[in-house]
Amino acid sequence: MIPKVFKEVIDLGDGREISIETGKLAKQAHGSVVVQSGKCMLLCTVVSNYKQSDVDFLPLTVDYREKFAAAGRYPGGFFKREARPSDGEVLTMRLVDRVLRPLFPKDYHSETQVMIQLMSHDEEVMPDAMAGLAASAAIQLSDFPFECAISEARVGRVNGEFIINPTRAQLAESDIDMMIGASADSVMMVEGEMGEISEEEMVEAIKFAHEAIKVQCAAQLRLAEAFGKKEVREYEPEREDEELAKKIHDMAYDKVYEIAKAGSSKHERSEAFAAIKEEIKASFSEEELEDIGGLVSKYYSKAEKAAVRDLTLKEGLRLDGRKTDEIRPIWCEVDYLPSTHGSSIFTRGETQALATVTLGTSREANQIDMPSFEGEETFYLHYNFPPFSTGEARPIRGTSRREVGHGNLAQRALKGMIPTDCPYTVRVVSEVLESNGSSSMATVCAGTMALMDAGIQMKKPVSGIAMGLISDSETGNYAVLSDILGDEDHLGDMDFKVTGTADGITACQMDIKVKGLSYEILVKALKQAQAGRLHILSLLTDAIAAPNEDVKAHAPKMVTRVIPNEFIGALIGPGGKVIQELQKETGTTIVINEDPVTEEGIVEILGTNQNGIDAVLAKIDSLMFKPEVGSVYEVKVIKMLDFGAVVEYMDAPGNEVLLHVSELAWERTENVSDVVNMGDVFDVKYFGIDPRTRKDKVSRKALLPKPEGFVERPPRSNDRNRGRDDRRGRDNRDRKPRRD
């Protein structure tokens, strides 16, 4: 039976379009779509169990995978099978999850899976920009309780013109790379990197993307209507008790308000809030708590959140006693670790990051091998968030998605300030040692100082700040919070992180939880963030005003030398013998890369000893040494032969040439040792290639005065041989053909 296919097409302009199709594939899933642009095709399926899970949260899994077959390639590794997701896939999962999760009901706890797969790749289409659209379109075809259609779009800007879902080539020329997630009514998520743009330019880019997203949301609704929108499933909602909620609110609100107003530390505040909660629980019998214990905790959390928000809106005060635009005390230190190539500590309030920098050759570049992109990063940042940083003991199960996401944000913040001519591969590692607030922004600040401490000539230092927003839709009051605490992160209506230099924004990450946030408030929040960034930046530059002029004494120095491809083989030697011995003798690391465009070899020399580096450079100069005809060179005798002496150019050790016995002196020389001996140093003149021997010709006697009365012997004539050859030719012509 031929399936009935339903399809909607979205026009992106410039002859590009996106289609959403359903009815052909994966029909047992609760919703499935194929989203296509050019030859790029994503299959998205969604499934949610009908039975509620025994948890108090939504167990949502968003999985994005790129199949190597989609690009006609084999996976790497021994088993030739896709394994754990790459960092790029994890980042796409996070982008989709952050927009979808808030739109499910808070009391919906069924196990839910959203699976997105790249099934066909197109070099001109970046598939991650369509993942959010695919996920939402599939959910619209299901019976899930989901608030509204959403979509995501990438926005770039080339030559001042905004572009929706630019190609990778266009993105390389763009000064903006932002992903925006939104519904038709509200922007919900922003993440990206920028080339020091202003706050107003950033908002304009968000507006431009939102208009495109509105069109994509409308297309999903048309597809769902044509397909036949299912009735929303019924599920068992969480138990509610309004009378109990009011009772607990009345018992907790004032006490929480007073503790919050006292401006205590995180530890003191947590203990005080816990005591209030236990006091409330103690007012109920054990039998009552068995029945309503979960509700008591739930309603206490609501009362605590309401009290803290009201304190900020009414009095402009925060949990730790700060004003809304006040930043916690900061102290910084560089060169803390004696053996690293660069290090720093950044501490802001109860958040601390220790950053290290390691310098290496192109061999240490981070290899990216995905079906949609192959390449390497010569600057990358890794972020580690151990459980002790929050005073917890929990299992460590490898790098979490959160660590990948926060590290990527810090990397994007800093990478634009690494000079393009930096010869090193640079790895930054941030170890979060304390956390109560944004550790990713602490990582940006620590990373900046560690890079400057390592002698990386950053274009400009970068700082970052985490901001929050608390608003009241009824009164219209709102408060923008600078440098938010961990507690303020989850009780606010928006949290956003902004990084930048003194001249503009380099990266951002926003999650907006309130509907219909005005762009005016967004601009005001960004302006307040700018003031905070500049304050933090001044403290960073107090700790280290500018990059160190050179790398540390124990850090490797890097020198690059470009050589013609014809000399690469000589430098490597048979079986790598020359380069291996050279590395061993000089204590250096030598890496050779061939540039296919210029057809030249790029030699990287890495070493801590300058003498070793100089020795490698001398060897390269020696290999590339080409004497000029008519020039005079100093040479040294390194070998004695019966018919001459082998000499070595003093300016190019290793370059040898035969000085023939006839070129030693004007007088006839019977024994070479009568004129020169081993180790003798003298000058010779270079005459180029001898046409008779087809080898380089040098002469010592050409630089000596000709003896008086000296008669040079005439060159041997070749007439006799030529006549013999002529006779042979005639004899051959006269010879009768041989009979078979």
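The accessible surface of the protein chain comes to about 37,600 Å², of which 49% belongs to carbon and sulfur atoms (Shrake-Rupley method, 1.4 Å probe). This is a predicted model, in which local features need pLDDT of at least 70 and side-chain atom pairs count only at pLDDT 80 or more, while totals for chains, interfaces and linings use all residues. Residues are numbered from 1 along the chain as its sequence is written, and side-chain values use heavy atoms, with hydrogens and water left out.

**Overall architecture**

- The chain contains 15 helices and 29 strands, taken as DSSP runs numbered from the N terminus (helices: H or I, at least four residues; strands: E, at least two).
- The protein chain is more spread out than a compact globule, because its radius of gyration of 37 Å is well over the 27 Å that the globule rule gives for 740 residues; the radius is taken over C-alpha atoms, and the rule is 2.2 Å times the number of residues to the power 0.38.
- Along its principal axes, the C-alpha trace spans about 130 × 75 × 50 Å.
- Of the 740 residues, 49% count as buried (under 20% relative accessible area, 1.4 Å probe, protein chains only).
- Of the contacts (heavy atoms within 4.5 Å) between residues at least 6 apart in sequence, 69% join residues at least 24 apart.

- The mean positions of the 92 positive and 122 negative charges are 9 Å apart.
- Lys and Arg count as positive and Asp and Glu as negative, without His and the chain ends; each charge is placed at NZ of Lys, CZ of Arg, CG of Asp or CD of Glu.

**Ser-142 and helix H2**

- Ser-142 lies in the loop between helix H2 (131–140) and strand S7 (150–158), and is buried, with a relative accessible area of 0%.
- The side chain of Ser-142 reaches the backbone oxygen of Ile-139 at 2.6 Å, and a polar atom of that side chain lies 3.2 Å from the backbone nitrogen of Phe-144.
- Beyond its neighbours within four places in sequence, Ser-142 is in contact with His-30, Gly-31, Val-46, Lys-229 and Lys-230.
- Helix H2 is largely enclosed by the rest of the structure, because 10 of its 10 residues are buried; among them are Leu-133, Ser-136 and Ile-139.

**Arg-700**

- Arg-700 is placed in the loop between strand S29 (696–699) and helix H15 (719–734).
- Not counting residues up to four places away in sequence, Arg-700 touches several residues, including Leu-659, Glu-663, Phe-682 and Asp-683.
- The C-alpha atoms of Arg-700 and Arg-233, which are 467 residues apart along the chain, are separated by 100 Å.

Notes:
Buried < 20%, exposed > 50% of the residue type's maximum accessible area, 1.4 Å probe, protein only. Polar contact = N/O pair within 3.5 Å; in protein donor to acceptor, adjacent residues only side chain to side chain.
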